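Open the model in your viewer and follow the stops below. Each one says what to select and what is there.

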Amino acid sequence: MASESISVTTSDDQTIQLSRKHAQMSQTINSMLEDSVGADQEAIPLPNVSSEVLKKVIDWCTHHENDPAPVEKVKKLNKKREYKAKNSTISDEWDKNFVNAELRVIVDILLAANYLDVKGLFELMCKHIANELKGKTPDQIRERFGIQDDLTEEDKAAMRKAWGATKNDS
Amino acid sequence: MTAQPLPPDLWTEVFSFLPTSDLCVPCFTSKTLRDVAHKIFNSRDPNYHHWWRQKKQLPIYNVEMSHWWKVNIREPVWERARAAALQDDISTLDLLGWDDTQLSPRHRNLCELNWRREMILMEALVKGNKRTINACHQKEDISGVSTVECLLWLNVWPRLGEEGNLEMIRWLHNEQSLEEPMEWMLQRKWNKSQDEVRRWFQREDITTEWLMHLWEHARDM
């Protein structure tokens, strides 16, 4: 019979125990478990995830352990014959508190969720960052996310034109 | 400690949660984000080579952002002023203009639809946005018969009825002598929610003959 808990080793060499149920919420760990059936139960290495971030991931998995499996929605054309943006509303109060963290932590969790392939958590982090972008000017976005402005004046003029500039200089 | 940079494929996922208008600003941050935004446009619109020709509404989350695109991209269009009126956002309306007289002649010619202050007032009335209505009042847009005639011309009554903002309907009923438009409103309102109209009639103790007639008339709609 399979053990009820799984050991994983994080990037900072910490060994952390997590329940099989939580481990299986990560497609990456799940695949590793399936590949290692019958083999000696060694700690699964997670070289891209720190113990601090993994604990956050486990917190999220604990809260959402009884959620139904996410379903891939089929994209549909709207009345304008365009595909709509995904809904960025975060409705769960617990999730709202969860994303109320420093940007560094949010980005680390997003990267971890992507690596571990935890769909619900990955989507939550993407929604949060998308909502963070709303209402910010380019300078504010660059400052917040540490992005360098490598656009030339020609690039910007082309973008202005693309976005319907009606000024004579563009 | 600063956040790690996100790889482009993750920005693609993030941008998939943003409506097209919200992709404007990221386009002006860096080449990477611009290219990711273009990828999203292309995936959304089957006629992607024409995406830039469509009417793009720029975001108005705050005055700072509206100021940014007004300075950097283009002058406002009616859809943005309308959105500000619907959100009761006076600061943005001050920035965009309560009418299109401050726009350059070139921009006015290129815009599909120009706007006047009465149009702002109508949107505010429909939603019951008191700050915008008061601002219109201070600008003397709401007093006098000419404004009422203007509102009639702008088709405000059916829209008020559709929106079903009882407070505004009641206010217009009490403050203005507008019996004829009331008929339109009640008919629309009746279509939307019969129970709500019935409760309103009971609450307001409306028993005048003409309204009773309407009550009967609306039931047949």
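Select B:Asp89 and its surroundings. Leaving aside neighbours within four places in sequence, B:Asp89 is in contact (heavy atoms within 4.5 Å) with B:Ile60, B:Ala84, B:Arg131 and B:Thr132. This is a predicted model, where local features need pLDDT of at least 70, side-chain atom pairs count only at pLDDT 80 or more, and totals for chains, interfaces and linings use all residues. Residues are numbered from 1 along each chain as its sequence is written, chains are lettered from A and ligands numbered from 1 in the order in which they are written, and side-chain values use heavy atoms, with hydrogens and water left out.

Stay on B:Asp89. It sits in the loop between α5 (78-86) and α6 (90-96) of chain B; helices are DSSP runs of H or I, at least four residues, numbered from the N terminus. Is B:Asp89 buried or exposed? It is buried, that is, under 20% relative accessible area with a 1.4 Å probe, protein chains only. It has no salt bridge (side-chain nitrogen of Lys or Arg within 4 Å of a carboxyl oxygen of Asp or Glu). The nearest side chain of opposite charge, B:Arg131, is 5.7 Å away. Now show the backbone nitrogen of B:Ser91: the side chain of B:Asp89 reaches it at 3.4 Å.

Next, show both chains. The contact takes 54 residues from chain B and 49 from chain A. Between chain B and chain A there are three salt bridges. Select B:Arg34 and A:Asp155: their side chains meet in a salt bridge, 3.5 Å from N to O.

Finish on the helices of chain B. α3(B) gives the most to the side that touches chain A, with seven residues.

Notes. Helix = DSSP H or I, 4+ residues; strand = E, 2+ residues; numbered from the N terminus. Buried < 20%, exposed > 50% of the residue type's maximum accessible area, 1.4 Å probe, protein only. Lys, Arg positive; Asp, Glu negative; His and termini not counted. Polar contact = N/O pair within 3.5 Å; in protein donor to acceptor, adjacent residues only side chain to side chain.
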